[in-house]
Amino acid sequence: MAYGEDQQGQEESGALAVSVDDFSALEDRVRRAVDVVKRERNARIAAEARATELESRAIQAEAQQADIEARAVQAEAQAQSQSTEHEKLQSELSAMRAERDQVRQRVERLLAQLDALEL
């Protein structure tokens with residue numbers, strides 16, 4: 001019986017040794033899985049941060065575009081107003097030139113009449 005007990009003890013010891021090796025391999029696999037999960041989690045956090053940053057930039061770009069469009073509309077309205085004002089001033093200038101010509105003609109007639117009186 002002593003021999004049987006000794007053999008049984010060796011078998012348990014061998015099974016225990018295999019079991020420890022299996023446990024070490026499992027432990028390594030779990031560590032690698034944890035590392036993969038950590039890397040993926042960090043990558044997800046980085047991707048979410050990048051997405052948030054890009055969304056913020058897109059919102060800023062849209063706001064800038066709206067501001068530029070508003071300025072363009074304002075500039076166009078101002079240009080139209082100035083064009084209207086320019087046309088009005090051109091019309092007034094033409095009227096004043098015509099009036100000046102009429103005054104000049106009247107003055108020339110009066111001077112001609114004065115010259116005729118002096119003779």
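This is a predicted model: local features need pLDDT of at least 70, side-chain atom pairs count only at pLDDT 80 or more; totals for chains, interfaces and linings use all residues.

Me: OK, what does the accessible surface come to, and how much of it belongs to carbon and sulfur atoms?

Reply: The chain has about 11100 Å² of accessible surface, and carbon and sulfur atoms account for 54% of that.

Me: Which residues make the nonpolar surface patch?

Reply: Val103, Val107, Leu111, Leu114 and Leu117 make a patch of about 480 Å².

Me: Take Val103 from that list. Where is its place, and is Val103 exposed or partly exposed?

Reply: Val103 sits in helix 1. Val103 counts as partly exposed because its relative accessibility is 44%, and the exposed class needs over 50%.

Me: Switching to charges. How many salt bridges does the count come to?

Reply: Six salt bridges. As background, side chains with opposite charges can pair when their charged atoms come close.

Me: What's the N to O distance for Arg44 and Glu48?

Reply: 3.3 Å, in a salt bridge between the two side chains. Arg44 and Glu48 are about one helical turn apart, because they are four residues apart in helix 1. Arg44 is partly exposed at 47% relative accessible area, and Glu48 is partly exposed at 45%.

Me: Which residue does Glu53 form a salt bridge with?

Reply: Arg57, and the closest N and O atoms are 3.2 Å apart. Glu53 and Arg57 are both in helix 1, with four residues, or about one turn, between their positions. Glu53 is partly exposed at 35% relative accessibility, and so is Arg57 at 47%.

Me: What about Arg71 and Asp67, how do their side chains meet?

Reply: In a salt bridge, at 3.0 Å from N to O. Arg71 and Asp67 are four residues apart in helix 1, so about one helical turn separates them.

Me: Is Arg71 exposed or partly exposed, and what about Asp67?

Reply: Arg71 counts as exposed, with 54% relative accessibility. Asp67 is partly exposed at 37%.

Me: Last one: which residues do salt bridges with shared partners join into one network?

Reply: Glu27, Asp28 and Arg31.

Key:
Residues are numbered from 1 along each chain as its sequence is written. Side-chain values use heavy atoms; hydrogens and water are left out. Patches are made of residues with over 30% relative accessible area and no salt bridge: like charges are joined within 9 Å, nonpolar side chains (Val, Leu, Ile, Met, Phe, Trp, Tyr) within 5 Å. Accessible areas come from the Shrake-Rupley method with a 1.4 Å probe; for residues, only the protein chains shown count as cover. A salt bridge is a side-chain nitrogen of Lys or Arg within 4 Å of a carboxyl oxygen of Asp or Glu. Helices (H or I, at least four residues) and strands (E, at least two) are DSSP runs, numbered from the N terminus. Buried means under 20% relative accessible area, exposed over 50%, partly exposed in between (1.4 Å probe, protein chains only).
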